[in-house]
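Here's a quick tour for anyone meeting this structure for the first time. Have a look at the sequence and the model, then read on.

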Amino acid sequence: MKTNKNGKWVLLAIAALFLAGFIAAYVLVAIGWRPSVTKNYGELVQPARPIDNVAVRELDGTSVNFNSLRGKWTLLYFGSAECLKPCVDNLYKMRQLVDAQGQQAHRLQRVFVVTDARALDALRYTLADYPQTRVLLGDTESVRQLAMQFALKAGSPLDNLHRLYVVDPIGNFMMSYPADADLRRMNKDIGLLLRTSQLG
């Protein structure tokens with residue numbers, strides 16, 4: 001009989017330890033605790049921010065909606081059509097990030113939103129080295145409405161921050177990178193996103 005009692009106490013102790021883990025996890029989530037160290041290199045937007053639709057147009061003049069980008073992971077850059085070195089650097093990064101994904105590359109798209117269209121001829125020349133970059137334009141107010149949805153503490157894309165923004169396939173702004181972001185670390189982020197997400 002003594003052995004049975006000891007066995008019962010052992011089982012109860014194991015059950016209590018098992019439940020304690022669940023209770024601790026529940027309490028930590030309930031009070032809003034999150035790990036201070038994450039695997040991502042990019043700056044997460046928490047919570048992810050749904051982007052409202054804005055009417056824009058393609059480089060060839062075709063009218064489209066920003067929501068037409070949904071369905072793929074989007075690497076997004078805002079910049080002037082003049083496209084000086086910071087702009088070219090980001091076009092290069094976007095191209096390399098997509099190419100580096102190999103068989104998963106089809107899940108990504110590169111988008112350049114033009115904030116100042118006065119040098120479109122120069123932009124067309126620059127884009128020759130970056131085929132498959134989708135270019136979106138709009139009137140001043142439409143571009144402003146879109147850009148302000150990507151505003152962060154550092155400012156909005158209209159402040160010439162030269163950041164890269166990541167939008168998920170359902171239209172949420174969820175991460176960004178500063179102008180001086182390291183391409184290799186960005187590539188690890190994007191690869192991890194594609195491996196862990198079934199979206200896009």
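## The chain at a glance

Of the 200 residues in the protein chain, 38% count as buried, where buried means under 20% relative accessible area, exposed means over 50%, and partly exposed is in between (1.4 Å probe, protein chains only). This is a predicted model, so local features need pLDDT of at least 70 and side-chain atom pairs count only at pLDDT 80 or more, while totals for chains, interfaces and linings use all residues. Residues are numbered from 1 along each chain as its sequence is written, and side-chain values use heavy atoms, with hydrogens and water left out.

You'll find 5 helices and 8 strands in the protein chain; these are DSSP runs numbered from the N terminus (helices are H or I with at least four residues, strands are E with at least two). Starting at the N terminus, the order is α-β-β-β-β-α-β-α-β-α-β-β-α.

## Strand E6 and its partners

Let's zoom in on strand E6, residues 133-137. This strand is mostly covered, with 4 of its 5 residues buried. E6 runs antiparallel to strand E2 (residues 55-58), and 2 bridges join them; two strands pair if DSSP finds at least two bridges between them. One spot to look at is Arg 57, whose bridge partner in E6 is Leu 137.

Strand E5 (residues 108-116) runs parallel to E6, with 4 bridges joining the two. Here Val 113 stands opposite Leu 136 of E6. Together, E5, helix H3 (residues 120-127) and E6 make a right-handed β-α-β unit. Right-handed means that, with the strands pointing away from the viewer, the path from the first strand over the helix to the second runs clockwise.

## The largest pocket

Rolling a probe the size of a water molecule over the atoms shows where empty space is left. The search uses a 1 Å grid over the protein atoms alone: a cavity is a set of points where a 1.4 Å probe fits but cannot get out, a pocket is an open set with protein on both sides within 12 Å along at least five of seven lines, and lining residues have an atom within 4 Å of a point. Grid points are joined across faces, edges and corners, and a volume is the space filled by probe spheres set on the points.

The largest pocket holds about 190 Å³ of space. It has 14 lining residues, and those closest to its centre are Tyr 77, Gly 79, Ser 80, Asn 160 and His 162. Strand E4 (73-80) and helix H2 (85-99) are the elements giving two or more residues to this lining, and E4 supplies the largest share, with 4 residues. By class, the pocket lining has 8 nonpolar, 5 polar and 1 charged residues. For these classes, Ala, Val, Leu, Ile, Met, Phe, Trp, Tyr, Cys and Pro are nonpolar, Asp, Glu, Lys and Arg are charged, and the others, Gly among them, are polar.

## A cavity, too

By this rule there is 1 cavity of 30 Å³ or more. The largest cavity has about 50 Å³ of space, and its lining residues include Ile 51, Phe 66 and Asp 168. That lining divides into 5 nonpolar, 2 polar and 2 charged residues.

Ser 176 belongs to strand E8 (residues 172-177). Ser 176 counts as buried because its relative accessibility is 0%. Ala 48 sits in strand E1 (residues 43-50), and with 34% relative accessibility Ala 48 counts as partly exposed.
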